[in-house]
Amino acid sequence: MSSHDPKTSHEQVPAGMAMPNEDVLSGAENAPDDAASYIAPVSRHAATMGDPNAKAILEVKDLKMYFPVKSSGIIRRTIGHVQAVDGVSFQVPAGGSLGLVGESGCGKSTTGRLITRLYEPTAGTINFDGQDISKTSARGLKPLRREIQMIFQDPYTSLNPRHSVGSIIGAPLEIHNILPKKQILPRVQELLEIVGLNPEHYNRYPHEFSGGQRQRIGIARALTLQPKLLVADEPVSALDVSIQAQVINLLQDLQDEFGIAFLFVAHDLAVVRHFCPEVAVMYLGKIVEIADRETLYNRPNHPYTQALLSAVPDVKQAAIGGRRERIRLEGDVPSPINPPSGCRFRTRCPLAQEICARVEPPLLQIGKRHKVACHFAGELGKHPDKPVTAGLLGVDDSGTPDPGASPSVDVGNEPGFADTWFDLERRTMASA
Ligand SMILES: Nc1ncnc2c1ncn2[C@@H]1O[C@H](COP(=O)(O)OP(=O)(O)O)[C@@H](O)[C@H]1O
Ligand code: SF4
Ligand SMILES: [Mg+2]
């Protein structure tokens with residue numbers, strides 16, 4: 001499919017569409033060798049600050065999306081499911097931003113599309129501004145479309161090439177009957193100015209703009225209805241590195257000015273660190289670690305997070321908090337149709353032991369704002385020999401249920417953080 005094919009519907013990005021630059025682990029292998037090109041905090045921008053006590057505008061609990069896999073032939077039976085998202089829970093504070101990172105195929109875009117309700121979830125709840133929207137009908141979703149908007153990764157395919165920029169940005173105002181016709185053009189011009197484009201260019205077409213400018217048009221379109229939450233799905237990864245920082249700064253300005261909350265999906269850990277005070281790491285449909293920025297980047301406890309951070313190329317290491325020794329992961333990511341038993345990361349994990357194949361590790365809170373799903377959670381070089389979870393789960397060290405034990409945790413599905421947590425070193429509960 002060509003991005004310039006006028007027959008193609010461009011306003012809706014098809015599900016599962018292959019996006020450029022997406023399959024590179026944290027941009028590692030293809031990153032340019034130019035020290036100036038990484039996203040560094042730029043002059044007046046302090047990295048986005050978060051208010052940990054802000055009320056959650058979005059609370060997602062145990063969200064699942066299973067896509068059916070059909071047999072070939074005339075009678076197409078369902079023969080399995082792609083477990084694209086399998087029980088994720090998190091919160092996004094009002095006016096704040098949560099980063100969602102992980103390799104290609106781990107379920108980031110599907111999570112974003114569930115929240116914008118481009119998909120109906122298989123299970124779970126999506127509480128937005130006090131209302132569960134997970135099962136809302138298409139009709140009921142219309143007002144919601146004003147409040148939650150999405151910025152897509154690819155500015156070449158997400159704008160309809162046959163429509164002028166003015167009609168792309170102005171369309172939502174017309175559809176939602178927000179402004180009388182004659183006020184639409186001035187509003188479009190205002191939006192063009194807000195995103196740093198010439199307001200006189202409203203009658204031009206997308207092909208007349210560069211990639212960075214097109215992404216600005218996509219951002220203006222997302223802003224038209226003054227949303228409370230923006231789902232930004234890899235908003236800069238299709239752009240030249242020299243343009244990425246400008247677009248990130250624009251998003252930050254918009255957040256400051258309009259108090260918009262972000263679910264910020266990306267595989268580039270440097271961009272996420274800069275933008276998001278809190279970050280969740282996904283692997284094969286599940287969150288394996290979630291923490292505030294300082295903790296996640298300086299003291300990751302999950303072997304996958306540790307490997308992901310170590311895979312960031314040298315040129316970007318400064319932007320993620322310092323140089324790290326490379327940890328090479330063996331093998332490929334398993335199929336989400338038939339994920340490994342127990343811990344999904346076990347087929348690639350250098351620390352895996354018997355319990356990992358038998359018991360799924362709970363997403364255990366181990367700090368004030370830190371959760372991790374690993375039986376052997378610990379900082380790099382300090383992973384314990386025995387599973388830290390065995391006593392909590394009522395199993396022995398190999399994962400066999402212990403009949404006399406009384407388990408005290410379930411697989412952690414509560415969004416957000418509690419006031420007490422499990423102290424890994426002392427193996428007791430702790431609080432601030
Ligand atoms: N519409 C769909 N139908 C079937 N499988 C899908 C669909 N969309 C995504 N998937 C699969 O779900 C998994 C997660 O995909 P995705 O959410 O796009 O991951 P990411 O954005 O992290 O790269 C992948 O295995 C992908 O192939
Ligand atoms: S639970 Fe086991 S396999 Fe999973 S990340 Fe931890 S050590 Fe590795
Ligand atoms: Mg994606």
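Start with strand E4, residues 123-128: two bridges join it to E5, and the two run antiparallel. Strands here are DSSP runs of E, at least two residues, and helices are runs of H or I, at least four residues, both numbered from the N terminus. Asn127 has Asp132 in E5 as its bridge partner.

Before going on, this is a predicted model: local features need pLDDT of at least 70, side-chain atom pairs count only at pLDDT 80 or more, and totals for chains, interfaces and linings use all residues. Residues are numbered from 1 along each chain as its sequence is written, while chains are lettered from A and ligands numbered from 1 in the order in which they are written.

E4 and E5 belong to an open sheet of four strands, ordered E2-E1-E4-E5, with antiparallel pairing; two strands pair if DSSP finds at least two bridges between them. E2 (78-93) and E5 (131-132) each have a single partner strand, so they stand at the edges with one side lacking a neighbour in the sheet.

Helix H1, residues 108-115, lies across E1 (56-70), E2 and E4, and runs at about 115° to E1. That angle is taken between N-to-C directions, from 0 to 180 degrees, with axes fitted to C-alpha atoms, for helices over the stretch in contact. Contact means C-beta atoms, placed from the backbone, within 7 Å.

Stepping back, the protein chain has 12 helices and 14 strands. Among its contacts between residues at least 6 apart in sequence, 68% join residues at least 24 apart.

Terms used:
Two residues are in contact if their C-beta atoms, placed from the backbone, lie within 7 Å.
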